[in-house]
Amino acid sequence: MEGGSEGMSDIIAQIPYPLLVFIVAFILVNIALFHVAYLTYAERKIIARMQQRLGPNRVGPRGLLQPIADVLKLLQKEDIIPNNVDKSVFKIAPLISLVCAGTGVSLIPLWEKFVLSNLNVGLLFILALSSLSAYGVILSGWASNSRYALLGGLRSSAQVISYEIAMSLALLSVVLMAGSFNLQDIVKAQVASPFKVYLIPQVVAFFVFMVCALAETNRVPFDLPEAETELVAGYFVEYSGIRFALFYLAEYFGMVVMSALAVTCFLGGYAGPFEVPGLPFIWFLLKLYVLLFFYIWVRATLPRYRYDQLMGLGWKVLIPLALANLFVTAFLKLYL
Amino acid sequence: MSLYVEVVKNGNGKSESEYFTINMGPHHPSTHGVLRLVLELDGETIVKCDPRIGYLHRGVEKLAEHLNYNQTIVLSDRLDYIASAANNIAFCLAFEKLLGITPPRRARLIRTIVNEMARISSHLLWLATHALDIGAMTVFLYCFRDREWLLSIFEKVCGARLTHSYVRVGGVRLDFTQEIIDELRRFTEEFPQRILDYETLIDVNRIWLKRTRGVAVVDAETAINLGLTGPVLRGSGVPYDVRKFRPYDAYDEVEFEVPVGERGDTYDRYKVRMKELHQSNWIIKQCLDKLKEVEGEPVLAEGAPDLLLPSRIREPEPKPHPKKGFIFTGKELPVVPPGEAFASIESPKGELAVYVVSDGGPNPWRLRIRTPSFVHISAIPELAKGHMIADLVAIIGTLDVVLGDCDR
Amino acid sequence: MGLLEIAMDFLAELREKFSKVVLEVLEKDALTIVCQREGSLELISYLKEKGFKHLIDLCGVDYQGYKSEKKPERFEVVYHLYNLDEKKLIRVKVPIPENDAWQYSVTGLWKTANWFERECYDMFGIVFKGHPDLRRLLMPEDWEGYPLRKDYPLFLTEENEWKGYKEFLESVRGAK
Amino acid sequence: MNLLQKILLIEIWKGLFLTLKKMLFERFVTIQYPEKDKVIPAPGFRGRHALVRDPNTGDTLCIACMRCVRVCPSQCIKVEYEVDKETNKRRVVKYEIEALRCVYCGYCEEVCPVNAIVLTEFFEYVGFTRDELFFTKEKLLANWDEFIAKAKRPYLNPFWKPRGIPEKFLPARKRNFTGV
């Protein structure tokens with residue numbers, strides 16, 4: 001943990017380290033939750049604009065308090081646990097999803113001097129977490145004792161397996177270029193590189209990564225595990241109240257983490273064309289918002305893939321593409 | 001857990017294979033109402049599909065036997081509630097054949113316009129839900145945006161947005177005003193532009209193509225054998241359109257093309273319907289021009305029966321005051337001749353046929369309604385075999401079924 | 001209309017071939033053939049071969065108490081066939097006696113007849129011989145009576161509870 | 001679609017730009033009902049039932065001819081009357097409409113020879129109980145008062161005197177009717 005600005009460092013130094021970590025983590029979680037909550041609002045509002053609708057506008061000015069109202073509503077709702085479900089798994093599944101999706105935030109370097117845990121294998125850790133978060137989905141699908149949920153869980157497991165590979169391969173070429181698994185180092189290597197961002201040399205990898213990120217977070221056009229018009233709500237069809245909200249949160253957390261990872265690995269992280277005094281996170285957040293907007297934009301436009309077509313796309317297009325890109329990168333790295 | 005997998009046994013009691021039985025509907029979001037499908041799945045592939053209908057069965061055929069001819073038109077609104085004007089017309093055509101009356105030309109032109117408006121509004125709703133089923137959410141709302149306009153025109157025409165009861169035996173109930181004609185003109189001018197919106201989003205979109213190409217392919221012979229009609233049949237390349245084959249109303253006066261598909265898959269059916277939107281628009285334009293020629297003509301035929309034919313269902317009421325005028329003297333009421341009549345129209349969903357038997361009384365003796373949705377749903381098991389659940393949703397969408405139409 | 005003149009040759013052939021089956025040929029709003037139950041299947045399959053490939057409709061009619069015309073039997077099964085090439089409509093009516101209410105199934109000729117016949121069975125109780133899966137369609141499977149028969153009342157004089165509902169209520173109570 | 005277009009995802013970008021264009025430049029089509037925007041139904045909209053109040057007597061115009069009762073496809077109208085012994089005219093005692101059964105076809109207003117019943121253009125009515133939507137004669141007259149206070153005078157419902165229907169089909173009262 002590297003502390004804040006120069007003047008603050010004395011005060012910070014006096015706080016015991018575990019407490020400091022706790023405080024920073026608390027702040028980070030709150031910021032992330034705030035972002036996630038307003039991401040749902042932004043999604044509804046942006047899609048509404050694209051569809052020439054007004055969108056949420058009842059709670060607060062321009063509907064700005066809508067996410068809070070949603071959370072309150074979901075908290076008040078009865079937490080229904082149907083008969084014949086596997087109770088312990090049923091209860092714990094949303095938590096697995098949320099924790100695995102949310103923990104990734106701690107590894108992202110938000111600023112040069114602000115990263116909660118600067119792991120040397122940060123990238124691998126994030127990938128591992130995102131695979132684990134699929135367990136929440138699969139377990140909920142199994143435990144719900146509902147056929148639709150089971151199908152959703154099955155689809156999710158297949159999807160995660162096939163897209164994880166392509167995604168890792170795409171990120172591997174970034175790792176090759178930067179020479180490190182540490183996210184902080186990747187950003188630094190990017191800034192030092194001739195293009196300042198890896199987006200330009202690694203555009204194929206970026207494309208593959210974004211498609212996989214859409215699939216990984218179960219977003220349109222790859223929202224098969226929860227495809228509303230096919231499987232009603234897929235894996236969380238039996239969930240209600242706050243447990244449903246946890247799944248919902250996990251999905252948006254996943255979006256935030258994946259976008260943050262894309263920003264870090266391809267768009268130069270916190271570095272920007274010039275320093276903005278007093279606003280250290282501004283470049284990171286701006287890039288993040290652009291990517292999040294992209295998620296929403298795609299959702300408003302595209303239809304959904306079919307299960308087998310999705311697998312086909314993953315195995316026949318993305319993985320070869322990522323592999324080819326990896327080889328080319330390695331070749332160039334070796335001989336140039 | 002034996003709960004998840006049901007072992008299907010053959011005659012010997014030996015387990016043959018393991019299938020997954022899933023109950024889709026009647027409250028599934030994409031079954032367009034209360035259709036229930038009992039599916040047997042092998043993984044996600046459909047092995048067997050058994051549609052169960054009747055959740056919206058209101059006994060229209062039975063009720064119609066106890067209502068007089070004009071009153072049954074109100075029932076017809078509730079069949080295919082997306083395009084009730086088309087149902088009204090089908091009923092009226094059958095009754096008019098029975099009575100031997102022809103509506104005046106203005107009424108026929110207005111009916112044609114209303115029928116095509118119903119077709120556009122139905123096709124828009126079909127496109128909206130079909131696209132939504134496949135996942136394109138925005139198309140849904142763009143379609144509803146334009147359908148809303150059409151419904152507000154309907155509201156001006158007859159005072160109701162969905163259940164019009166606008167057509168009546170021997171003509172229509174109200175004439176068009178100049179305001180309606182102007183608004184319809186504006187609609188026809190702008191509508192082709194609106195169609196472009198939808199086409200930009202899905203027409204050549206690779207995901208849309210992947211989801212619709214090669215799904216539920218029916219060749220012409222099978223399509224006829226399955227009784228498919230309307231755009232579904234035309235998608236398979238059979239140019240059967242009742243408007244051309246047995247012209248009714250003013251369809252023999254207007255020019256239009258009957259678009260047909262080649263491969264008979266879901267994409268072709270989509271294309272056929274999109275082309276039909278243009279054709280309907282064109283028909284409305286032509287009819288609006290022709291309306292000028294019959295300015296000021298009545299919209300009800302001479303011998304049209306009054307709304308108030310005595311009905312058997314009621315207890316005997318005291319006779320009304322005899323007064324002068326057509327509808328007040330009971331003797332002058334046209335007597336429905338005994339006999340039978342069959343009329344069919346090209347409703348937006350397919351061929352809607354009405355077969356009516358009369359015994360000379362005020363009520364139909366038997367009113368049989370052959371609805372396209374009923375036949376189309378009966379074809380689902382045939383079409384769905386071997387496809388995946390996601391395709392089944394597309395199949396239900398492409399057949400364009402309305403459960404009110406199916407269950408009657 | 002001149003339907004008869006157009007179809008003269010065809011009709012003559014038909015009469016000759018099915019002289020025992022065809023009871024009468026009428027010119028109403030469409031060409032109507034009334035035929036016997038025995039042999040009706042052959043007649044219809046002959047018509048199908050002759051180009052009447054589109055079965056528009058198949059329905060039953062109950063003529064109990066029909067005043068304006070004397071009908072030979074209580075029920076009638078009516079087929080509407082359409083020739084897509086020659087644009088001709090033909091109606092085939094098959095009288096079905098009340099006590100022996102059955103008819104040959106045409107599901108072998110048209111797959112679409114499957115549900116039409118199921119509906120006809122559901123509403124009139126006419127059994128279709130050779131139908132692969134003759135169940136009730138629109139009414140619940142354990143429904144009693146045939147709703148579109150003329151002796152089935154529109155309003156019941158006294159409400160009798162549907163058996164299935166009763167059983168369901170009992171099962172729920174039992175579970176509690 | 002040629003190969004280059006396919007690789008560059010041209011058609012997907014076209015779709016994406018359409019939605020972006022709609023987001024940035026197009027107006028909303030939805031409205032904020034009921035706070036900001038009011039919905040004005042078209043003339044002749046078949047809404048809440050009312051019995052026209054006769055300005056001279058203050059009572060209904062209805063002559064209890066029972067036509068509406070007989071034409072109603074859903075049989076939701078119930079009328080009781082008594083015959084005045086001296087003038088031999090009928091007087092309405094009870095006029096009830098069960099709005100929850102009504103299908104809003106408008107046949108009643110079309111057959112009424114004296115234009116006594118009308119489906120007004122008022123549509124914003126709800127009730128928490130069935131009784132609230134069971135209109136008695138008093139309620140129907142009150143409905144009319146509520147409606148006519150805001151309506152444009154003279155008020156002529158299109159179904160009272162349908163456009164384009166030959167005049168000889170109409171009874172004398174309707175033929176010469178110009179509105180209330």
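## The nonpolar core

A nonpolar core is a set of buried Ala, Val, Leu, Ile, Met, Phe, Trp, Tyr and Cys residues joined through C-beta atoms within 7 Å. Buried means that 20 or more other C-beta atoms lie within 10 Å of a residue's own (exposed is 12 or fewer, partly exposed is in between, and C-beta atoms are placed from the backbone). What you're looking at is a predicted model, where local features need pLDDT of at least 70 and side-chain atom pairs count only at pLDDT 80 or more, while totals for chains, interfaces and linings use all residues. Residues are numbered from 1 along each chain as its sequence is written, and chains are lettered from A and ligands numbered from 1 in the order in which they are written.

The largest nonpolar core here has 305 residues, and the members touching the most others are Phe209(A), Cys212(A), Ala262(A) and Ala94(B). Helix α10 of chain A (residues 241-266) gives this core its largest share, 17 residues. Helices and strands are DSSP runs numbered from the N terminus (H or I, at least four residues, for helices; E, at least two, for strands). Beyond its neighbours within four places in sequence, Cys212(A) has contacts (C-beta atoms, placed from the backbone, within 7 Å) with Tyr163(A), Ala166(A), Met167(A), Ala170(A) and Leu318(A).

## Chain A overall

Chain A has 12 helices and zero strands. Of its 336 residues, 50% count as buried. Take chain A's contacts between residues at least 6 apart in sequence: 77% of them join residues at least 24 apart.

In chain B, three strands make an open sheet in the order β7-β8-β9, with antiparallel pairing. Strands β7 (339-347) and β9 (364-370) of chain B are at the edges with a single partner strand each, so one side of each has no neighbour in the sheet. Two strands pair if DSSP finds at least two bridges between them; β7(B) and β8(B) (residues 350-358) are joined by nine. Across that pairing, Ala341(B) sits opposite Val356(B).

## Two asparagines in loops

Asn218(A) has a positive phi, near 55 degrees, although it isn't glycine. You'll find Asn218(A) in the loop between α8 (203-216) and α9 (228-231) of chain A, and it is buried, with 25 other C-beta atoms within 10 Å.

Over in chain D, Asn115(D) also has phi near 55 degrees. Asn115(D) is in the loop between α4 (107-111) and β4 (117-119), and counts as buried with 21 C-beta neighbours inside 10 Å.

Note on methods:
Two residues are in contact if their C-beta atoms, placed from the backbone, lie within 7 Å.
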